[in-house]
Amino acid sequence: MAGDLTGETTELLQQMIRNACVNDGSPESGHEQRNADALRAVLEGTGLDLELHEPLPGRTTLVARIEGRRPGAPSLALLGHTDVVPANAEDWSHDPFGGELIDGEVWGRGAVDMLNLTASMAVAVRHLAVDGFRPEGDLLFIGVADEEALGSHGAQWLTDHAVDEVRVDYLITEAGGFPTHTAKGIRLPVITGEKGVFWCILTVRGTPGHASQPLRTDNALVKAAEVVRRLAEHDMPADIHDSWRRFIEGLDLGPEMTEPLLDPERIGRFCEELPALGLARQAHACTHTTMAPTVMHAGTKVNVIPDRVQLQVDIRTLPGWGRREVEAMLSDALGDLAGDVEVHWQFADPASTSPTTTPLWDALERVARHAYPDARCVPFLTVGATDARFFRRIGTVAYGFGLFSERLTFDQYASMFHGIDERVDVASLGLSARLWDDLAREALG
Ligand SMILES: [Zn+2]
């Protein structure tokens with residue numbers, strides 16, 4: 001049985017990588033219909049209830065359901081996205097869309113983000129259906145399109161237009177479960193929340209004039225340079241929130257790391273000076289609302305003093321921050337330049353979190369111990385965005401999880417998300433497939 005799960009997941013993953021459902025953010029990209037078809041071929045004829053949604057041509061999402069025996073019993077969805085981000089073949093050691101199996105690893109775009117989990121979820125649900133598993137509450141598998149852009153043709157569309165079909169009590173999606181060794185045993189991070197995303201365009205105004213006489217002109221570009229400097233240097237207070245505290249305490253890093261990482265007065269300086277750059281950035285972003293100026297458009301001609309600059313800023317917020325708090329932070333950072341700057345919001349989506357005091361958390365920890373007997377789960381707030389946020393908004397408890405072997409380190413995995421040489425070992429695929437099978441039986445009975 002376990003061997004079947006691993007082999008079938010490997011084959012399905014290879015096929016899904018080769019389908020190259022590349023989402024470049026444009027509505028006509030993605031072509032997730034190809035992966036929806038692959039999933040349907042695996043799930044069809046097993047007695048599962050299958051629904052397809054296609055909000056735009058080719059942007060197909062598949063919803064499979066095993067109906068529960070008891071109406072109103074807690075329901076669980078396994079949610080996997082079927083799209084991937086672009087990959088530049090020149091930078092890779094192997095074809096990013098070849099799905100090759102090399103030395104026990106499947107190579108290609110999506111191997112860890114997250115076709116690996118999507119494939120393992122589909123195979124596990126297929127096996128449950130074939131076994132005649134009849135849970136108490138509904139079990140759903142959703143192969144969703146368009147996660148890698150904003151979810152507007154995928155999870156957002158589903159929760160807006162088919163909410164009654166996909167409303168569940170519990171949901172698991174990407175990612176987590178990268179085993180981390182500590183003196184007290186293995187720790188498995190579970191993503192329990194994600195930061196908010198606020199994107200804005202700041203328009204900085206000046207007065208046009210001849211660039212041959214710059215003295216005492218009102219140059220919008222010079223002003224914008226000062227705006228950029230103030231935003232970049234704005235001192236944000238640290239927030240040592242509960243999931244960060246539990247994550248750091250769980251990792252058992254020793255007092256010389258743990259104490260500064262949990263001290264709001266020390267963590268900022270500590271991250272500035274920590275030689276491990278990846279960890280420093282991550283620790284800072286997990287405990288601070290951040291602002292990054294990213295795009296600037298200015299000027300019309302070399303001999304004209306510019307009267308207008310547009311500056312785009314990527315702001316990522318901690319739980320508890322709404323638009324009002326973000327606006328107050330911006331005006332605080334801009335200081336006496338606030339009057340010269342107009343703020344236009346492109347996108348505003350606050351942070352979302354799920355509690356850890358749930359039956360799903362306990363069930364996850366129990367079934368994860370089938371793979372790692374001394375494991376404990378630790379909560380983690382991710383700085384990126386996943387489809388979980390749409391479901392948290394409709395009242396679902398949503399976590400990011402999966403299981404991985406110890407073949408690759410957490411750092412290696414982290415660099416493969418949207419990076420080069422993305423790959424996953426076959427043992428990890430088997431661990432995840434078995435996890436979903438066990439979790440469905442444990443959580444839904
Ligand atoms: Zn992903």
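1. Both histidine 81 and aspartate 113 are buried, where buried means under 20% relative accessible area, exposed over 50% and partly exposed in between, with a 1.4 Å probe and protein chains only. Aspartate 113 counts as buried because its relative accessibility is 5%.

2. The model is a predicted one, in which local features need pLDDT of at least 70 and side-chain atom pairs count only at pLDDT 80 or more, while totals for chains, interfaces and linings use all residues. Residues are numbered from 1 along each chain as its sequence is written, and side-chain values use heavy atoms, with hydrogens and water left out.

3. His81 (NE2), Asp113 (OD), Glu174 (OE) and Glu174 (OE) coordinate the zinc ion at 1.8 to 2.4 Å. Donors are N, O and S atoms within 2.8 Å of the metal (3.2 Å for Na, K and Ca); water is not among the atoms, so sites may look incomplete. Along the chain, the donors of the zinc ion have the spacing H-x31-D-x60-E.

4. Histidine 81 lies in strand S3 (residues 76-81) and aspartate 113 in the loop between strand S5 (105-107) and helix H3 (115-130); the pair, 32 residues apart, links distant parts of the chain. Helices (H or I, at least four residues) and strands (E, at least two) are DSSP runs, numbered from the N terminus.

5. Leaving aside neighbours within four places in sequence, aspartate 113 is in contact (heavy atoms within 4.5 Å) with residues including His81, Glu148, Glu174 and His418. Between C-alpha atoms, aspartate 113 and arginine 323 are 30 Å apart in space, and they are 210 residues apart in sequence.
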